[in-house]
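Here is a short briefing on one structure. Keep the sequence and the 3D view open as you read.

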Amino acid sequence: MKIPRLLRVLASICLVALTLSKVAAAADTKAAGNRKVAVVVSTLNNPWFVVLAETARDRAKELGFDATIFDSQNDPAKESQHFDNLISSGYRAVLFNCTDAKGSIANVRRAKAANIPVFCMDREIEANDAATSQILSDNYSGCVALGQFFVEQIGETGKYVELLGIVADTNTWNRSKGFHSVVDRFPGLKMVAQQSAEFDRSKALEVLEALLQRNPDINAVFCGNDAMAMGAYQALLAAGKAGKVKVFGFDGADDVVKAVAEGKIAATVMQFPKTMARTAAENADKYIKGERKFPQRTPVAVELVTKANVNKFGDYGRK
Amino acid sequence: MSGSKFTFSFRKFQSLFALAIMVGALALLSDKFFTPDNSWNILRQISVNLCLSIGMTLVILSGGIDLSVGAILGLAGAVTAGLLKNGLALRGLEARLEFTVTGAIVAGIAVGGAAGWFNGFAITRFRLPPFVATLGMLSIARGLTMLWTGGFPVTSLGSTFGFLGTGAILGMPMPVWIMLALVGSFVVVTQRTRFGRHIYAVGGNERAARLTGLNVPRIKLAVYTLAGALAGVAGLIVTARLDSAQPNAGLGYELDSIAAVVIGGTSLSGGRGSIGGTVLGCLIIGVLNNGLFLLNVSPFWQQVIKGLVILVAVAIDKLNARGRES
Amino acid sequence: MAASEQVGRVSAPPSNRRAAERAGQRPARLLAATLTLAVLLYFFPLFHVVSLQTQAAAAATAAASASAAFDPVTAAAKFWQIDLPAAATRAVELPALAPAIRANAESAKTQFSKSAGLGTAYFFVRGSGKVLSRDRNYLRLAPAGAESEIVALRIGPIFGNTVRDGSGLLDVNSFPGLQEFNALAAALNALVEKSVGPLLREKAVVGTTVHFAGCAEAPEGAAEAGEPLLTIIPVQAEVL
Amino acid sequence: MSADPNIVLAAAGITKFFPGVRALGGVSIRVRRGRLLALLGENGAGKSTLMNILSGVFLPDEGTLYLDGRTVSFPNPSAALAAGIAIVFQELNLIPHLSVAENIFLGREPRTRFGLIDYPQLNAAAAAVLKRLALAVEPTALIADLRVGQQQLVEIARAVSVDARVLILDEPTSSLSAHEVDVLFSVITELKSRGVALIYITHKFDELAHVCDDVTIMRDGCVVGESLYADLTRDALVRLMAGREAKETFQKSPAVLGDELLRAEAICLPGAGAGRPFLVENISFALRRGEVLGIFGLVGAGRTELLETLFGLHAKRATGQLSLEGKPINFTSPAAALAAGLALAPEDRKRDGLVLPMSVAANASLASLERTLHAGFVSATRETAYITPYIERFRVKTPSLDQLIVNLSGGNQQKVILAKWLATGPKILLLDEPTRGIDVNAKREIYAFIDELARLGLGLIVVSSELSEILALADRVFVMCEGRQTAEFTRTDATPEKILAAAFPTKTASAA
């Protein structure tokens, strides 16, 4: 008869799943007692954020915490679930990389109301009284520096296209605004197209291929992140324009730093995910030990990476 | 074939068994699991998926599929938030409509319903496969959301509206109230109304339903419209909970919703299943999410385990179906 | 045959009476529904109509109150007129800074630099020097007291946070957020371009001597011979 | 077992359980080389389960299979096929969007040197098989474009093409025309002469005389009789099958004709694509209260299409004039036809008639749900109360009203469909092949119901391709051929010869 067998199958699958969870959990658990710290990260779908999240977790573990990563998958509602869960299961602190500057405020406030300090990393939330501290990457200033370098490289006349990130993302616009605050001062530099490639390498490839059809005579491409810069470079390579059209990225991803060294990409901007993650973890440690005075915001400067200084960078930071 | 009665009743309760096993195991493994706080968490967390999944259940029962519910959720949330925040300018009349909370809510649900109606219209009038029609709507609704919001989240919607997401009556969170009310209504609709019976008939055998004199296009139109409107309600809950309408809200939710419906024992080929099963499906997913969290499972493993659960659920359903039909 | 009578009963045509009753009820129900809806809408209106004039006025006051919250131009002007001149008198002297950098850039940075947050360090420096050459964007000076070195003064468009952060007086946490803090930097840069740039472009020809106070990014090491040791954005300047 | 070297395939003590039910209890059969074994029994007797075990679809719970005296076990259908056992199921198992040749050789396609399908060889081989079956279709034609009868022949062609040692045919003639049946029988004779053993399941006793050598009769999952065909009388057969004395012939009571119910004039239905320009061409007839109008025709004669047109299913394409009780009407949809008092029990029950995942009660009440409402909601109590008399009236054998309809036998399913339509209180009942695939007893019951309904004053139109059925039931017969009305007879002057003569097309080119 089939039924008891099905029941057995069902039960054993559940047990296997739970054992698996237990094993995975054991791997994550070293410190005893309640020293649980959560790392809530906007997405794990991009190596940059994986580095951010894992560095935060590893630093927290070094400091003796039981740290776990939660992936919000770029969805504030999922992030909200994570916060509900970690509030009810008594976490001590949250190292937080938000999905949205505004949409995430409510979550941070809920944690604060439950006496759980939140330490923002990389991305800002637009409130001064919610997070305990915010270690922020200054995207705008990074793109100001990049814009200056752009003008030096291209000169004061020329045509370029801009590939934006996800249009709903605040950093997309911080980067774009920083760049334009410089480049728009030079009326000879004409932006012939501005399109979104959603921070995605293959989308950037497609978008730029299409744009090159209409604008074969561009001098440069400014990309809102490094993945798009690599995609743009591939499109240029296919069109036989690699080297003739300069590509600018942002993030400091490993492959792009290498590409800068090889002269494929003109410049990128190094953000320091490891520095931010470590500082946030250390702040959390200090908070739990009793310290309460933290600056609300600590901007972490970002640095321009060009062929001239590329040998100093690598592995998501300075060597 | 007198034994098939027994099979049937087991089938009805198999999800319940799975849920009971999971709850029991989690209660043993984590002392945080069986707390009132955590129970409310789980219920609150499944409320959005359940709203979507009720509509999805109707659609799947009718033999279709709706891939656009997540996108409609985003659109409805954005429309409600936008109307609440900025109103609606009437260009020619030098005037503006300032929406009340009720108005914005009605508008959000209506937009969801309209998008769903369009799905149904494309499916019945132009005979598009539901997969294709709703795939198109997925993209259309996402695009409309971007146009309406300009790609930026709409925030600070006020506490009256926020009550929908964060408030509580008699100690029960609002999303849970809404969810229970919808579940109750749609259990009645599917089990006790002609319309409900007709959905099962259309999904079970569309040709037979037509030859029995049922107005199949009208039934489908109603089903997709309801699914859209329910996605609108889900959009309201998400928006109210976050106090912010995200332009990309609901990304990928259609898959969670289909998963819940399937785990709940509703057959993807239509005509077989129930709202009750879907409630269990949502609870299983909710408890699983929460349990994996409480057990500190790495997010990468969580996805693998969730996938396995879906496969096992459907495999068991298939095995049972084979036993029944032989 | 009793059974056939039963079929006879149940196979009678559908009761038309009931259908007629239902049809008769329809307008009544419709009316009731409309009335209920109307009452509901009266107590819970969906929207109000507002004329655009009223709205424009409201928007204006809203904008005014919003700008009262933070206006980068006002804040920059205040800083420029009051805090910055006071700080300039306490700036490090170039003849002291230049050899320190030449000796050890890192220790010069720890000794003299300022920064906001984590990262880029800036010097707030004062001094004077003779103009060696000029182009559209830079003056190159031989600084008094350290004639072997060269420094550059920026006279072209100003970008970045050097002016904002160079004095070490401004803290992001006294502003609403990073965006506002960046807006302040832009406003300060505009002030430099407006009040210092034209003067230098006009008067600082080769051979003249320039007195200045300004901000510069701390270099990572001493420059090669012939290259400027520091690139300074002047916030105060005087041409002799 | 191995005593008789002529026994190719034998099963001994086969027992099979399904959840809660014993489908087979210790069944043994023997199939001999070059002979045809007819497997007879009512629906639900276990014939199909046994065939599924022989062909590897199910594994038996107990018992042994012997092939050439050696014990064998077929874990799956392909193992059985590899051992030389081919089966043609009652339900079609063809892939509609592949060609005839591709279907015949599915999984056994000839390959070229490069591993690609060798289409010339494939089509040539298929053409040869089709020729053996005298089936006039191109090997490259798509299955979807074929008529049901032709599809059935393709299915048989597939089984023939594997050169099986044992060929199982499960009701192969249910949708074949008389001509096609003759071809099939000659193929069977040829196969027998080549030493192939056949198992043949049928409800049509007439066919047995042409092909049958041995008979095994099953009832309730057991073998109740084994014999040479020649040794059995027809009455003995029926008695063994039913387990009781059964009178096979049916006597219809004389018709009491009332007023005219339905009049159809110049009904035309244009064809949708290739093929005949008109599926139904200029059909006119009248139906009176208490009358059973029989429509006879070969498969593809347009009978089903005519019924569908009457029922408002082709409202957009069809032309012609209908009047009901003297008033002109125009059905725009099945719903309109239903409201006017028509009901249609379709030919293909599973495809068009039943909602398989629903219960007996839900299927029966589907067309009359408004009678079960209480304060606007469907009331289970009222539903049961309303539907029970009909279910009991038609003597539907079901453990309960909540039983899923899929678990009922074909005859009982058909009765539920009749109950469903009677529950709407129709004036006219359109029955398309009402006894297709139904066992003898259920068939007789349904004949009795038809008779009874006519006496109650309903008008009935019965479409059938079984001549005996038409002759038994119809007060008046009209014959269709290729969409046209070719003859009309009263009950008294209808003879099998005249009807058949009118049913066959005059031109042999498009033999049905």
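Helices here are DSSP runs of type H or I with at least four residues, numbered from the N terminus. Leu52(B) lies in one of them, helix α2 of chain B, which covers residues 36-61. The model is predicted.

- Searching the whole structure turns up twelve cavities of 30 Å³ or more.
- The second largest cavity has a volume of about 130 Å³.
- Two chains supply the elements that give two or more residues to its lining: α5 (139-154) and α6 of chain A, and α8 (178-195) of chain C.
- The lining of the second largest cavity has 15 residues. Nearest its centre lie Glu124(A), Ser137(A), Asn171(A), Asn174(A) and Leu178(C).
- By residue type, this lining splits into three nonpolar, seven polar and five charged.
- Asn171(A) sits in helix α6 of chain A, residues 170-183.
- Is Asn171(A) buried or exposed? Its relative accessible area is 7%, under the 20% cut-off, so Asn171(A) is buried.
- The side chains of Asn171(A) and Asn139(A) make a polar contact of 3.0 Å.
- Beyond its neighbours within four places in sequence, Asn171(A) is in contact with Arg123(A) and Asn139(A).

**Leu52(B)**

- Leu52(B) has 0% relative accessibility, so it counts as buried.
- Which residues does Leu52(B) touch, not counting residues up to four places away in sequence? They are Val69(B), Leu73(B), Ala231(B), Ala234(B), Tyr253(B) and Ser257(B).
- Ala231(B) is 179 residues from Leu52(B) along the chain, yet their C-alpha atoms are separated by 5.2 Å.

**Chain D: a strand residue and a helix**

- Thr216(D) belongs to strand β9 of chain D, residues 214-219.
- At 1% relative accessibility, Thr216(D) falls under the 20% limit and therefore counts as buried.
- Leaving aside neighbours within four places in sequence, the contacts of Thr216(D) include Ile29(D), Leu37(D), Ala38(D), Leu39(D) and Leu40(D). Val223(D), Gly225(D) and Glu226(D) are also in contact with Thr216(D).
- Helix α14 of chain D runs over residues 410-422, which is 13 residues.
- What span should α14 of chain D have at 1.5 Å a residue? The expected span is 1.5 Å times one less than the number of residues, so the helix should span 18 Å. Its end C-alpha atoms are 18 Å apart, in agreement with that value.
- Helix α14(D) is mostly covered, with 13 of its 13 residues buried.

**Chain C and Gly197(C)**

- Chain C contains nine helices and seven strands.
- Of its 240 residues, 38% count as buried.
- Take the contacts in chain C between residues at least 6 apart in sequence: 68% of them join residues at least 24 apart.
- Gly197(C) is in helix α9 of chain C, residues 197-203.
- With 6% relative accessibility, Gly197(C) counts as buried.
- Not counting residues up to four places away in sequence, Gly197(C) touches Ile155(C) and Val192(C).
- Gly207(C) is ten residues from Gly197(C) along the chain, and their C-alpha atoms are separated by 18 Å.

Terms used: Residues are numbered from 1 along each chain as its sequence is written. Chains are lettered from A and ligands numbered from 1 in the order in which they are written. This is a predicted model: local features need pLDDT of at least 70, side-chain atom pairs count only at pLDDT 80 or more; totals for chains, interfaces and linings use all residues. Side-chain values use heavy atoms; hydrogens and water are left out. Buried means under 20% relative accessible area, exposed over 50%, partly exposed in between (1.4 Å probe, protein chains only). A polar contact is a pair of N or O atoms within 3.5 Å; within protein, one must be able to donate a hydrogen and the other to accept it, and residues adjacent in sequence count only if both atoms are side-chain atoms. Contact means heavy atoms within 4.5 Å. On a 1 Å grid over the protein atoms alone, a cavity is a set of points where a 1.4 Å probe fits but cannot get out, and a pocket is an open set with protein on both sides within 12 Å along at least five of seven lines; lining residues have an atom within 4 Å of a point. Grid points are joined across faces, edges and corners, and a volume is the space filled by probe spheres set on the points. Ala, Val, Leu, Ile, Met, Phe, Trp, Tyr, Cys and Pro count as nonpolar, Asp, Glu, Lys and Arg as charged, and the others, Gly among them, as polar.
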